[in-house]
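Student: Can we go through the ligand site in this one? I'd like the plain version.

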Amino acid sequence: MKHLVAPSILSADFANLQRDVEMLNKSEADWIHVDVMDGVFVPNISLGFPVIKAIKKHTKKPLDVHLMIMNSDNYLQMFKDAGADNLSVHYEACPHLHRTVHAIRDLGMKAGVAINPHTPVNVLQDIISEIDLVILMSVNPGFGGQKFIEATHQKVKYLKQLIKTKKSKALIEVDGGVDLKNISLLVKNGADVLVAGNTVFGSKNPNETILHLKESK
Ligand code: DX5
Ligand code: ZN
């Protein structure tokens, strides 16, 4: 499978959100990555339902919603109603992960599980065949524009192996610090989806940068 690129809306200009979403619509972006932070699980607060609904109104691209919040179970239906296509929760924030991922699927969304940089891939072994997506965090979640953690390359390899062993169909998404230099090795090692915030929105020509990320081999 050719890798997918998911620009992170966290790095967009929130005062010109419609403009930035329309730029993504015209680009080669596959998904729009939407980071939801609650100020409890992570030391930052980002955006919530009204903003997700506003994005949904202006795009047909799938919304890839990444929850960095506690008590996700209370809000799954609301994220569905706001327009989430993929909904990922954190392993570290979900004591009843199996129930949570099935509730996400029952609502008709693709279910993802995100793991922090310190969390080993093998904690996913008993859930990997029941999820659609794993988000490997390649920075500590909470902020855009951070430095890529190199150990992620090895985790992509481990995860690819686990997916194969368990005959899972889960996609591997790498989130944080992805740029035009590290993307090739990530793809080579098995990453299917690359999130990019600062690399896209911090560049002179975001549209062209997305194309370069798509064309990386
Ligand atoms: C970090 C978020 C990321 C972030 C990526 O907590 O989950 O999705 O927006 O941004 P960059 O690509 O700038 O690291
Ligand atoms: Zn994210």
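Predicted model: local features only at pLDDT ≥ 70, side-chain atom pairs only at ≥ 80, totals over all residues.

Tutor: Strand E2 supplies the largest share of the shell around ligand 1, 3 residues; strands are DSSP runs of at least two residues, helices of at least four, numbered from the N terminus. Residues are numbered from 1 along each chain, ligands from 1 in the order written, and side-chain values use heavy atoms without hydrogens and water.

Student: Which elements give two or more residues to that shell?

Tutor: Strands E2 (32-37), E3 (63-68) and E8 (193-196).

Student: Which residues come nearest to ligand 1?

Tutor: Of 20 around ligand 1, Asp35, Gly142, Gly145, Asp175 and Gly197 come nearest; a residue is near if one of its heavy atoms lies within 4 Å.

Student: And what is 2.6 Å from a ligand oxygen?

Tutor: An N or O atom in the side chain of Asp175. For a backbone N or O atom of Gly142 the distance to a ligand oxygen is 2.7 Å, and for a side-chain N or O atom of Ser8 it is 2.8 Å. A polar contact is a pair of N or O atoms within 3.5 Å.

Student: How much of ligand 1's accessible area does the protein cover?

Tutor: 99% of the 390 Å² that ligand 1 has on its own, by Shrake-Rupley with a 1.4 Å probe.

Methods. Polar contact = N/O pair within 3.5 Å; in protein donor to acceptor, adjacent residues only side chain to side chain.
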